[in-house]
Amino acid sequence: MRTKGGAYRLVEAALMNLLDHPSVRGLVVTAHDVTDRARADELVFASEVRLRGIVDGLLDPCVLMEAVLDEAGHVVDFSIIDANPAAGAFHGISRETLIGKRILEAAPITMAKTLLDLYAVVVEKGAPLILDDYVHEPHRSGQDGRRFDIRAVPVGVGVSVVWRDV
């Protein structure tokens with residue numbers, strides 16, 4: 001909508017017919033200025049696009065997980081709610097397929113249970129986890145253990161985890 005001063009404002013409008021049976025006698029129009037809200041939405045969207053570009057551009061796998069709690073409020077698993085393409089590649093599946101999986105099904109069980117316990121502490125204490133040269137024991141005999149640098153930080157009732165196979 002154009003103002004008296006010539007500036008343009010975004011408005012949200014609602015119209016209602018005034019009926020005098022059987023014809024319309026007029027309209028009631030209400031309008032709300034939503035310019036500031038629309039600009040704020042644009043800034044949030046631009047920020048989300050930039051952040052998505054940063055996370056997706058990471059060469060290291062990165063996942064955002066939400067804690068799955070039991071009735072007593074204890075962490076029993078984590079559900080992957082976001083991931084970058086490197087995380088999907090690490091697991092040999094697409095990012096989209098990885099999202100929605102739980103840690104106990106996405107990682108080998110011996111590693112998943114250990115990491116689940118470590119990530120639960122991150123959620124409970126609200127403190128980051130820094131593991132350098134963390135040795136993951138192989139889940140099949142005859143394989144060498146792999147080593148990882150792992151970083152986990154609390155995000156709400158969950159964790160953001162980045163790791164590097166070293």
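**Reading the labels on this model**

Visitor: What makes alanine 13 count as exposed?

Guide: Alanine 13 has 52% relative accessibility. Exposed means over 50% relative accessible area, buried means under 20%, and partly exposed lies in between (1.4 Å probe, protein chains only). Strands (E, at least two residues) and helices (H or I, at least four) are DSSP runs, numbered from the N terminus.

Visitor: What should I keep in mind about the model?

Guide: The model is predicted: local features need pLDDT of at least 70, side-chain atom pairs count only at pLDDT 80 or more, and totals for chains, interfaces and linings use all residues. Residues are numbered from 1 along each chain as its sequence is written, and side-chain values use heavy atoms, with hydrogens and water left out.

Visitor: Why is leucine 19 called exposed?

Guide: Leucine 19 has a relative accessible area of 66%. That is over the exposed cut-off, so the label holds. Leucine 19 also sits in strand S1.

Visitor: Which residues make up the nonpolar patch on the surface?

Guide: They are Leu15, Leu19, Val24, Leu27 and Val29. Patch residues have over 30% relative accessible area and no salt bridge; nonpolar side chains (Val, Leu, Ile, Met, Phe, Trp, Tyr) are joined within 5 Å, like charges within 9 Å. Together the five residues have about 520 Å² of accessible area, and such areas come from the Shrake-Rupley method with a 1.4 Å probe, with only the protein chains shown counting as cover for residues. Strands S1 (11–20) and S2 (23–33) each give two or more residues to the patch. S2 gives the most, three.

Visitor: What makes aspartate 33 and arginine 9 a salt bridge?

Guide: Their closest N and O atoms are 2.8 Å apart. A salt bridge needs a side-chain nitrogen of Lys or Arg within 4 Å of a carboxyl oxygen of Asp or Glu. The distance falls inside that limit, so the pair qualifies. Aspartate 33 lies in strand S2 and arginine 9 in the segment before S1, so the pair ties together parts 24 residues apart in sequence. Aspartate 33 is partly exposed at 46% relative accessibility, and arginine 9 is partly exposed at 26%.

Visitor: How many salt bridges does this rule give?

Guide: Eleven. One of them joins aspartate 82 and arginine 52, with the closest N and O atoms 2.7 Å apart. That pair links distant parts of the chain: aspartate 82 in strand S4 and arginine 52 in helix H1, 30 residues apart. Both partners are partly exposed: aspartate 82 at 22% relative accessibility, arginine 52 at 27%. They also belong to a network of salt bridges that links Arg52, Asp56, Asp82, Arg95 and Glu96.

Visitor: What makes arginine 146 and aspartate 165 a salt bridge?

Guide: Their N to O distance is 2.4 Å. That is within the 4 Å limit, so the pair counts.

Visitor: Which residues line the second largest pocket?

Guide: Glu48, Leu51, Arg52, Val55, Cys62, Val63, Leu64, Asp82, Ala83, Asn84 and Ser160. Helix H1 (35–57), strand S3 (62–69) and strand S4 (75–83) each give two or more of them. H1 gives the largest share, four residues. A pocket is an open set of points on a 1 Å grid over the protein atoms alone, where a 1.4 Å probe fits, with protein on both sides within 12 Å along at least five of seven lines; lining residues have an atom within 4 Å of a point.

Visitor: Why is glycine 57 called exposed?

Guide: Glycine 57 reaches 51% relative accessibility. The cut-off is passed, so it counts as exposed. Glycine 57 lies in helix H1. Its C-alpha is 8.0 Å from that of asparagine 84, 27 residues away in sequence.
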